[in-house]
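Colleague: I'm new to this one, and I'd like to know what stands behind each label you use. Can we take them one at a time?

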Amino acid sequence: MEAGKLIIEDFESPSADKVAKLVRLEGSIDENSVDKLSREIYGAISSNPKNLYLLFDLEKVEYLNSKTIGYLTDWHEKVINGGGNLVIAKAGENIMGILESVGIAELMPVCKDLEEAKTKLFE
């Protein structure tokens, strides 16, 4: 499995007061990579504590561990408390099974594609 990678990109939001970021995770998000990747995501949250809208693209994620699930719930809480939102998109079948079994899919929207996710993100 490929080591975990992270790309954070800005994308256009429906209004100037909303900061929208696409967070692309790739590879195996495990003990060897999750802490480093999480620091970058916490940095994005700290830089935009209000009205931050994060869209996680998990299409190329091969594996994620329980620590990653913990981080996802913490990022979600921080973003929601700041008046923003967090949505997950394009999770593969194996990742979707994990998200459903631990209740993430009930906590935050999990969408099949980016267009649906963008709509849910700003609802």
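Modeller: Asp 10 sits in strand E1 and Lys 21 in strand E2, eleven residues apart, so the pair links distant parts of the chain. Before we go on, this is a predicted model, where local features need pLDDT of at least 70 and side-chain atom pairs count only at pLDDT 80 or more, while totals for chains, interfaces and linings use all residues. Residues are numbered from 1 along each chain as its sequence is written, and side-chain values use heavy atoms, with hydrogens and water left out.

Colleague: Which residue does Arg 24 meet in a salt bridge?

Modeller: The side chain of Arg 24 meets that of Glu 9, at 3.7 Å from N to O. Arg 24 belongs to strand E2 (residues 19–29) and Glu 9 to strand E1 (residues 5–11), so this pair ties together parts that are 15 residues apart in sequence. Strands are DSSP runs of E with at least two residues, helices are runs of H or I with at least four, and both are numbered from the N terminus. Arg 24 is partly exposed at 25%, and Glu 9 is partly exposed at 32%.

Colleague: How many salt bridges does the rule give?

Modeller: The count comes to seven. Another of them joins Lys 90 and Glu 59, at 2.9 Å from N to O. Lys 90 is in the loop between E4 and helix H3 (93–101), Glu 59 is in strand E3 (residues 52–64), and the two are 31 residues apart.

Colleague: Which residues have the most contacts inside the largest nonpolar core?

Modeller: They are Leu 25, Leu 54, Phe 56, Leu 58, Trp 75, Ile 88 and Leu 99, in a core of 26 residues. The largest share, six residues, comes from E3. A nonpolar core is a set of buried Ala, Val, Leu, Ile, Met, Phe, Trp, Tyr and Cys residues joined through side-chain atoms within 4.5 Å.

Colleague: How do you know that Trp 75 is buried?

Modeller: Its relative accessible area is 3%, so Trp 75 falls under the 20% limit. Leaving aside neighbours within four places in sequence, Trp 75 is in contact (heavy atoms within 4.5 Å) with Ser 38, Ile 41, Tyr 42, Ile 45, Phe 56 and Leu 86.

Colleague: Why is the pair of Tyr 71 and Trp 75 called stacked?

Modeller: Rings of Phe, Tyr and Trp (its six-membered ring) pair if their centres lie within 6.5 Å; planes under 30 degrees apart count as stacked, over 60 as edge-to-face and the rest as tilted. Tyr 71 and Trp 75 are 5.6 Å apart centre to centre with 10° between the planes, so they count as stacked. Both lie in helix H2, four residues apart, about one turn of the helix.

Colleague: And what makes Tyr 42 and Trp 75 edge-to-face?

Modeller: Their centres are 6.0 Å apart and the angle between the planes is 70°, so the pair passes the 60 degree mark. Tyr 42, Phe 56, Tyr 71 and Trp 75 form one aromatic cluster.

Colleague: What is the mean pLDDT of the protein chain?

Modeller: It is 95, and 100% of the residues reach 70 or more; pLDDT is the predictor's confidence in each residue, from 0 to 100.

Methods
A salt bridge is a side-chain nitrogen of Lys or Arg within 4 Å of a carboxyl oxygen of Asp or Glu. Buried means under 20% relative accessible area, exposed over 50%, partly exposed in between (1.4 Å probe, protein chains only).
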